[in-house]
Amino acid sequence: MNEKALRLGTRRSKLAMAQSGQVAEAVQQLTGRPVELVEITTYGDTSREHLAQIGGTGVFVAALREALARDEVDFAVHSLKDLPTAQPDELTLAAVPVREDPRDVLVARDGLTFPELPKGARVGTGSPRRMAQLNAYARSHGMTIETVPIRGNVDTRIGYVHKGELDAVVLAAAGLNRVGRIDAVTDFLSVDTVLPAPGQGALAIECAAHNASLAAALAELDDPYTRAAVTAERSLLAALEAGCSAPVGALADLLADGQIVKEMRLRGVVGTTDGSTLVQLSTTGPVPETETQAMALGRELAAEMLAKGAAGLMGERAL
């Protein structure tokens with residue numbers, strides 16, 4: 001039986017191709033159908049502006065979603081942290097596979113860890129969220145660092161350090177794992193120091209809502225714990241009305257007693273990029289069993305953060 005290949009839409013970056021390749025393999029095993037990668041260029045890939053200026057959320061996603069809507073691809077893989085928080089009706093988030101390491105990592109010269117960085121160290125990151133937390137940590141530990149906005153793929157960013165242009169860069173562990181560059185890491189930043197972006201380390205597999213049989217097949221790759229966690233994190237983000245250009249960090253993790261998972265803890269942070277003010281709170285509740293429960297966890301924490309002054313830290317938002 002010669003079944004038609006499933007077309008998987010992906011961005012062209014090395015990281016996106018690696019992520020999509022892993023999903024393609026899993027889907028091939030699951031369905032017995034061949035999967036071909038269809039490379040799509042997105043505005044986020046071609047624009048040279050800083051992410052904060054091009055509106056952050058959705059710039060890497062829109063072209064993939066348009067290809068799905070036009071039936072040029074059957075399904076698409078996104079980094080979940082790039083997805084806008086509102087889900088369009090015509091598309092279904094078919095699966096959120098088991099999450100990779102959600103942490104941020106430091107790639108520094110001379111094998112330095114973050115606390116070992118010299119006075120005035122130049123640390124590259126394009127993320128206001130990372131800047132806010134790195135600067136707050138430095139401030140509270142008597143360090144002086146300068147955060148420098150950068151863009152570019154993993155190799156470009158690591159290159160700034162190896163060429164001596166920067167003392168260090170901060171990247172996501174998950175991305176380095178997926179492209180086989182985790183050996184470049186000089187320090188894994190504890191989530192107690194830097195909370196990741198909502199959904200960081202997780203992938204989103206999306207298909208057209210009307211394609212029920214494909215959605216059902218892809219759902220086999222879904223990890224309910226990861227989905228509950230990222231749903232809570234993204235609900236927090238949505239309730240704070242923040243795009244991914246806002247300095248918001250969030251992480252939901254499971255608290256287990258031995259082998260038995262008892263509760264889910266959700267932590268959130270928002271701050272000014274210079275790190276002078278941070279609002280950081282957490283809440284713990286039963287592990288959500290429905291999307292509604294997971295969203296409620298996020299909204300509750302967002303309400304507490306807003307009550308503590310988070311809204312004033314978001315920076316100016318374009319209406």
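Predicted model: local features only at pLDDT ≥ 70, side-chain atom pairs only at ≥ 80, totals over all residues.
Colleague: What is the strand order in the open sheet?

Modeller: The order is 7-6-8-5-9, five strands with mixed pairing.

Colleague: Which strands stand at the edges?

Modeller: Strand 7 (145–148) and strand 9 (187–188) do. Each has a single partner strand, so one side of each is left without a neighbour in the sheet.

Colleague: And how do strands in a sheet pair in general?

Modeller: Through backbone hydrogen bonds, parallel or antiparallel.

Colleague: Strand 6 and strand 7, then: parallel or antiparallel, and how many bridges?

Modeller: Strand 6 (residues 121–124) and strand 7 run parallel, joined by four bridges. Val-123, for instance, has Thr-147 in strand 7 as its bridge partner.

Colleague: Which strands does helix 4 touch?

Modeller: Helix 4 (residues 128–140) packs on the sheet and touches strand 5 (104–108), strand 6, strand 7 and strand 8 (168–172). Its direction makes about 175 degrees with that of strand 7.

Colleague: What about helix 5?

Modeller: Helix 5 (residues 154–162) also packs on the sheet, touching strand 5 and strand 8. The angle between the directions of helix 5 and strand 8 is about 155 degrees.

Colleague: Back to helix 4. How many of its residues are buried?

Modeller: 11 of 13, so mostly covered. Among the buried ones are Arg-129, Arg-130, Met-131, Leu-134 and Tyr-137.

Colleague: What length does helix 4 reach?

Modeller: From first C-alpha to last, helix 4 reaches 18 Å, close to the 18 Å expected at 1.5 Å a residue.

Colleague: What comes just after helix 4?

Modeller: Gly-142, which takes a positive phi of about 65 degrees.

Key: Residues numbered from 1 in each chain as written. Heavy atoms only, no water. Pairing = 2+ DSSP bridges. Helix = DSSP H or I, 4+ residues; strand = E, 2+ residues; numbered from the N terminus. Contact = heavy atoms within 4.5 Å. Axes fitted to C-alpha atoms, helices over the stretch in contact; angles between N-to-C directions. Expected span 1.5 Å × (residues − 1). Buried < 20%, exposed > 50% of the residue type's maximum accessible area, 1.4 Å probe, protein only.
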